[in-house]
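I opened this notebook to record what I looked up, one place at a time. The entries follow the order in which I turned to each site.

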Amino acid sequence: MAINIDRNWIVERLSTSERSPERGDHDLNPDYRPDKPLKPAAVLVGLVERDEGVTLLLTRRTDHLEHHPGQVSFPGGHVDPGDVDAIATALRETEEEVGITAEHIDIVGRLDTYVTRTGFEVVPVVAMIRPTFDLTPDPHEVAEVFEVPLTFLLDPANHHRHEREFEGGKRYFYAMPYRDYFIWGATAGMIMDLYQTLVHTQPSEAPA
């Protein structure tokens, strides 16, 4: 892909992309749609402007957490009563989880709302993150903070669709293995949305 992946290109692609009302784990598993009230949440899809190229900031959750232990995720979480909107939630959670404050973050758009099998309605807020910033991961929630080159995530050769047996049925999910990290599930689903938004492909072009 002979394109210059920088802030201007990302902002232009976000502003000209058509949004879908909703995505979710049910995209690959139609019977996965929760049958209970959804809990609002937001995550920060943070794109770091490194001299060597734009990267995506991700975390690995600690192994003792009740929900999704050890999994790769974006900084984010539940909407608190004091949050005025999804952006406020994403900024608050990012500072709480990894220590990056709002002064380093420029909000540039959003992706489609993502509904998880576990009943969360997640707004992925897209932002550019300006170095240099200090990382102070919350030791309770975050085992590691790492970055993945955006060029890696925009290469369809790195997009995979996996399956496994779960609760008596075959379940499908996106995955993007990177070095020792296995990026999958809702995080990979939202990265697929980021890819389709920036490259302007359609969900039907996702890996079969």
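I began with Ala143, which, leaving aside its neighbours within four places in sequence, is in contact with Arg60, Arg61 and Thr62, where contact means heavy atoms within 4.5 Å. I noted that the model is predicted, that local features need pLDDT of at least 70 and side-chain atom pairs pLDDT 80 or more, while totals for chains, interfaces and linings use all residues. Residues are numbered from 1 along each chain as its sequence is written, and side-chain values use heavy atoms, with hydrogens and water left out.

I placed Ala143 in strand β9 (residues 142-149); strands (E, at least two residues) and helices (H or I, at least four) are DSSP runs numbered from the N terminus. With a relative accessible area of 39%, Ala143 is partly exposed, the scale being buried under 20%, exposed over 50% and partly exposed in between, with a 1.4 Å probe and protein chains only. I also looked up Ala143 against Thr197, and found them 54 residues apart in sequence and 30 Å apart in space, C-alpha to C-alpha.

Next I turned to Asn29, in the loop between β1 (23-24) and β2 (39-50), which counts as buried at 3% relative accessibility. Not counting residues up to four places away in sequence, Asn29 touches Lys170, Arg171 and Tyr172.

I then examined helices α1 (residues 7-16) and α4 (residues 185-199), which pack at an angle of about 95 degrees with their axes 8 Å apart; axes are lines fitted to C-alpha atoms over the stretch in contact, and angles run from 0 to 180 degrees between N-to-C directions. That makes α1 roughly perpendicular to α4, a class covering 65 to 115 degrees. The contact joins Trp9, Ile10, Arg13 and Leu14 of α1 to Thr197, Leu198 and Val199 of α4.

For α4 itself, 13 of the 15 residues are buried, so this helix is largely enclosed by the rest of the structure. I saw that α4 is followed by His200, whose phi is positive, near 60 degrees.

Terms used: Angles under 35 degrees count as roughly parallel, over 145 as roughly antiparallel, 65 to 115 as roughly perpendicular and the rest as oblique.
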